[in-house]
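Here is a friendly walk through one chain and a few of its local details. Have the viewer open and follow along.

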Amino acid sequence: MNIHEYQAKNILKSYGVRIQEGLVADTPERAVDVAKQLNAETGTEWYVVKAQIHAGGRGKGGGVKLAKNIDQVRELSNQILGMQLVTHQTGPEGKKVHKVLIAEDVYYPGASEPKEYYLSILLDRAKGWNVIMASTEGGMDIEEVAEKTPEKIIKEWIDPKVGLQGFQARKVAFALGLEGKAFKEMVKFISALYKAYVATDSSQFEINPVLKTSDDKILAVDAKVNLDDNALYRHPDLAELRDITEEDELEVEAGEAGLNYVKLDGNVGCMVNGAGLAMATMDIIKLSGGEPANFLDVGGGANAQTVEAGFRIILKDPNVKAILINVFGGIVRCDRVAQGVVEAYKNIGEINVPIIVRLQGTNAEEGARVIEESGLKVTSAIVLKDAAEKVKEALA
Ligand code: GDP
Ligand code: MN
């Protein structure tokens, strides 16, 4: 689960990670109030107005702006709140901004130039260990750094059974070229960050940039936190941070119906029981010349209700030109699924896209018969290759 920057920063702070302080607001008036409060608490006279959406690249997209007085806080908040912010991570339609974070300006001049670093912690699934990734190339697009200058990315793997050792934090800080007070601050920063990562059962932390201020403080200017969905039951307080307005509407609806749905950009909708079979089905769709419009796993107990809910969700996607239902009757019987398909079809009424149903396993023949005898515009296939051919015909 993704959360907003302001929520992520609150979590980090509670574990002793130094952050760029800020307060969230949902109207320009409120933004002015919190800016004044921030001024009273931190003494800052310049502020950064930051759009709160679940996507990176906000700065380049015009969602992060510096305000040099309270009037500018009002103006910029007015401009950013309600805007449809487009970044390289939002897709061309962008995301609507409902909240802004009013943060203290931490790039103030001083003894040295402020310097940006990159720091992330994530799970290396292949190794089963956590890994800290750090770079002196902060504030930049890290994928580009990884591609063009991979030697500039420092990696330190951590055995989760042992935890982060002091020497490892020092090794990273040293590799970033830090010394003196900034070095000590970075070691503290990394240690606290790792503690927060483990305690919250996160699957990814990305702090870009981490800033060395002109007076050698180390703090988090940005924070992307991804919480592990499978561990949320252990963290009811964190589960509450969910913001469904940031999620795809169809994905939310599918989640409520107990379906595992991920929207994609193609033209062939698919409904499958089992994640592995769903992946294989998406491959088949590609081989038949189509592109999957979604991933949809109805789970082991496919019945009329889940099939109908799945249908409705797939049909709401205007790109869908054909639907392929691919069900293996292991626990569930194919004739039951076929009946579910027929009932769902009747309940929904007019469906204008061709539907290909491939049922294999227990009672596959009976299933095919139910489909054929229904008189509906549904094509049945038993062999997967046959199903792929029929998808191809449907798209032609
Ligand atoms: P992102 O673009 O979504 O990754 O958002 P960030 O939180 O990383 O902010 C984007 C950029 O805004 C940063 O890389 C900084 O260069 C700039 N920025 C953030 N906070 C401050 C600040 O306090 N003062 C100044 N001058 N710039 C800031
Ligand atoms: Mn950033």
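Are Asn208 and Asp222 buried or exposed? Asn208 is buried, and Asp222 is buried too. Buried here means under 20% relative accessible area, exposed means over 50%, and partly exposed is what falls in between, with a 1.4 Å probe and protein chains only.

## Ground rules

This is a predicted model, in which local features need pLDDT of at least 70 and side-chain atom pairs count only at pLDDT 80 or more, while totals for chains, interfaces and linings use all residues; side-chain values use heavy atoms, with hydrogens and water left out. Residues are numbered from 1 along each chain as its sequence is written, chains are lettered from A and ligands numbered from 1 in the order in which they are written.

## The chain as a whole

The secondary structure comes to 13 helices and 18 strands. Both are DSSP runs numbered from the N terminus: helices are H or I with at least four residues, strands are E with at least two. Along the principal axes, the C-alpha atoms fill a box of roughly 80 × 50 × 40 Å.

Of the 396 residues in the chain, 48% are buried. Contact means heavy atoms within 4.5 Å. Among contacts between residues at least 6 apart in sequence, 66% join residues at least 24 apart.

## The manganese site

Let us return to the opening pair. Asn208 (O) and Asp222 (OD) coordinate the manganese ion (ligand 2) at 2.2 Å. Donors are N, O and S atoms within 2.8 Å of the metal (3.2 Å for Na, K and Ca), and water is not among the atoms, so sites may look incomplete. Asn208 sits in strand S10 (residues 202-212), and Asp222 in the loop between strand S11 (218-220) and strand S12 (224-227), so the pair ties together parts that are 14 residues apart in sequence.

## Backbone details around S10

Most residues other than glycine have a negative phi, and most peptide bonds are trans. With that in mind, look at the bond joining Asn208 and Pro209: this peptide bond is cis, with omega about 10°. Pro209, like Asn208, belongs to strand S10.

Two aspartates are worth a look as well. Asp201, in the loop between helix H6 (180-199) and S10, has a positive phi near 55°. Asp201 is buried, at a relative accessible area of 18%. Asp216 is found in the loop between S10 and S11 and has a positive phi of about 65°. At 23% relative accessibility, Asp216 is partly exposed.

Two packed helices are described by the angle between their axes and the distance between the axes. The axes are lines fitted to C-alpha atoms, for helices over the stretch in contact, and angles run from 0 to 180 degrees between N-to-C directions. Helix H11 (residues 334-348) and helix H12 (residues 364-373) have axes that come within 7 Å and cross at roughly 20°. That makes H11 roughly parallel to H12; angles under 35 degrees count as roughly parallel, over 145 as roughly antiparallel, 65 to 115 as roughly perpendicular and the rest as oblique. H11 meets H12 through residues including Ala338, Val341 and Val342 on one side and Val370 and Ile371 on the other. By class, this contact has seven nonpolar, two polar and two charged residues. Ala, Val, Leu, Ile, Met, Phe, Trp, Tyr, Cys and Pro count as nonpolar, Asp, Glu, Lys and Arg as charged, and the others, Gly among them, as polar.

H11 also packs with helix H10 (residues 304-315), their axes coming within 8 Å and crossing at roughly 50°. H10 and H11 are therefore oblique to each other. Among the residues that meet are Val307, Phe311 and Leu315 in H10, and Val341, Ala344 and Ile348 in H11. This contact of H10 with H11 has seven nonpolar, two polar and three charged residues.

## Helices H2 and H3

H2 (28-42) and helix H3 (residues 70-80) pack at an angle of about 145°, with axes 8 Å apart. The contact includes Ala31, Val32 and Ala35 of H2 and Ile70 and Val73 of H3. By class, the contact has six nonpolar, two polar and two charged residues.

Gly43 is found in the loop between H2 and strand S2 (47-51). Gly43 is partly exposed, at 47% relative accessibility. From Gly43 to Glu343, the separation is 300 residues in sequence and 66 Å in space, C-alpha to C-alpha.
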